[in-house]
Each structure stands twice: as C-alpha cells, then as structure tokens.
Amino acid sequence: IFIHDDLDNTVKAQIIIYMKNHLLAIALLLSTFYSVAQKTILINNVKIFNGKDEKTVLGNVLIVNNLINKISTTPIATNKSGDTKIIDGNGKFLMPGLIDAHTHIMMESMNIMELMNSDIEFITITAAKSAERDLMQGFTTFRDLAGPAFGMQKAIDKGLIPGPRIY
C-alpha cells in the first residue's frame with residue numbers, strides 16, 4: 001500500500017486502520033458466502049454399488065460440495081442446522097455415474113433432416129433438454145467428439161442448466 005509521504009503520521013495511521021477494518025470486513029463477508037455456498041446432501045438407506053464389487057451394501061452416503069465425503073453402513077452424523085438436504089433412498093439402488101465416451105450432444109436428439117432445417121437456437125434448446133434427460137438416466141460425464149458443445153458445457157458448468165459434465 002502506498003501512502004504519500006506528505007501526510008502527517010496521524011492521518012497515515014487513520015488510513016491504515018480504515019483499510020485494515022475494511023479488508024477484515026471483506027474477508028468475513030467472503031467467508032460467510034463460502035460457508036453458505038457449501039452444499040451438503042445425505043442419502044440414507046440405499047443399496048450402494050461401488051463399481052468394483054459384485055454385491056451391493058445397504059448404507060448411507062454423505063456428499064459435500066458435489067463430492068462423496070463418506071460412505072458408511074452406520075448412520076452418518078450431520079449438521080443439525082437444516083443446511084443438510086437429507087434424502088431417504090428407501091432401499092433403492094445407488095451407483096457411480098455413467099460415462100458416455102463418444103457422444104454428440106448437439107445432435108443426439110434430432111434426425112439429420114431436423115438438424116439441417118433448424119436454426120442453432122432451436123438445436124441448442126433441444127440439446128439442453130436432452131442433456132437433462134441424459135443426466136436423469138445416470139450419465140454424469142460426456143466426452144463430446146463433435147459439434148458446437150462449448151456453450152452447452154459452459155452453461156452446465158455454471159449451473160444454468162442441468163446436464164452431465166462435458167469434456
């Protein structure tokens with residue numbers, strides 16, 4: 001921080017205190033936003049398939065900021081403040097997300113004649129609905145090998161539309 005030498009020491013001290021207080025306030029505000037933004041989901045009572053073993057295990061899964069934090073056959077303690085979304089799996093099947101290693105998200109839900117006779121806006125809206133449908137079917141990751149999918153990828157990454165991660 002540069003403070004001009006012509007100022008007397010009292011003014012310099014007041015400026016430094018003012019700046020420190022404001023920087024502290026900004027830091028506290030940012031930490032509050034971070035703690036509020038932290039998303040926690042607890043899925044109880046599900047048959048867990050880990051993708052390696054042939055058997056499933058009845059258990060619970062804790063997800064923090066979209067990452068699996070804990071898997072347990074015993075109850076998982078959570079913050080009781082109401083910030084944790086708790087889902088009862090009702091003994092249903094839970095497995096890792098599927099990966100489609102060769103897709104064309106912008107073209108998968110329309111035939112070639114529809115693609116040739118539609119504008120890019122309609123194609124994009126159709127592709128967005130298709131991406132949401134793919135996610136709901138268990139596909140969490142796509143490797144798109146052709147087509148103008150960069151805008152779709154950005155919209156999904158920013159949370160504007162639901163869909164699988166696109167690479």
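Colleague: What pattern does the protein follow, read along the sequence?
Modeller: This is a predicted model, and its secondary structure comes to 4 helices and 8 strands. Read along the sequence, these elements follow the pattern α-β-β-β-β-β-β-α-α-β-α-β.

Colleague: What share of the 167 residues is buried?
Modeller: Buried here means under 20% relative accessible area. The protein exposes about 12200 Å², with carbon and sulfur atoms supplying 61% of that area. Of the 167 residues, the buried share is 25%.

Colleague: Among contacts between residues at least 6 apart in sequence, what percentage join residues at least 24 apart?
Modeller: A contact requires heavy atoms within 4.5 Å. Counting the pairs at least 6 apart in sequence, those joining residues at least 24 apart come to 55%.

Colleague: Which strands pair with strand 1, and in which sense, parallel or antiparallel?
Modeller: Strand 1 (residues 40-48) pairs with strand 2 (residues 57-64) over 7 bridges in the antiparallel sense. With strand 4 (residues 84-88), strand 1 has 5 bridges in the parallel sense. Strand 1 also has 2 bridges to strand 5 (residues 93-94), and the sense there is parallel.

Colleague: Is T84 buried or exposed?
Modeller: T84 has its place in strand 4. Leaving aside neighbours within four places in sequence, T84 is in contact with T40, I41, L42, T78 and N79. The cut-off for buried is under 20% relative accessible area. T84 has a relative accessible area of 12%, so T84 is buried.

Colleague: What is the strand order in the open sheet of 3 strands, and which are the edge strands?
Modeller: The order is 6-7-8, with parallel pairing. Strand 6 (98-103) and strand 8 (165-166) each pair on one side only, which makes the edge strands strand 6 and strand 8.

Colleague: How many bridges join strand 6 to strand 7?
Modeller: One of the pairs links T103 to its bridge partner D144 in strand 7. The two strands run parallel, and the number of bridges between strand 6 and strand 7 is 4.

Colleague: How far apart are the C-alpha atoms of G97 and F139?
Modeller: G97 is found in the loop between strand 5 and strand 6, and is partly exposed with a relative accessible area of 38%. Not counting residues up to four places away in sequence, G97 touches G138 and T140. G97 and F139 lie 42 residues apart along the chain, and their C-alpha atoms are separated by 5.6 Å.

Colleague: What is the reach of helix 3 from its first C-alpha to its last?
Modeller: Helix 3 (residues 120-136) has 17 residues. At 1.5 Å a residue the expected span is 24 Å, and the helix is close to that, with a reach of 24 Å.

Colleague: Which elements are included in what covers the buried residues of helix 3?
Modeller: In helix 3 the buried residues are I123, T126, A127, A128, S130, A131 and D134. An α-helix has 3.6 residues a turn, so residues three or four places apart point the same way. The cover over the buried residues includes helix 2 (112-116), strand 7 (139-144) and helix 4 (150-157).

Colleague: Which residue with a positive phi follows helix 3?
Modeller: The phi of this residue is near 110°, and the residue is G138.

Notes
Residues numbered from 1 in each chain as written. Predicted model: local features only at pLDDT ≥ 70, side-chain atom pairs only at ≥ 80, totals over all residues. Heavy atoms only, no water. Buried < 20%, exposed > 50% of the residue type's maximum accessible area, 1.4 Å probe, protein only. Areas by Shrake-Rupley, 256 points an atom, 1.4 Å probe, with all protein chains shown as cover. Expected span 1.5 Å × (residues − 1). Pairing = 2+ DSSP bridges.
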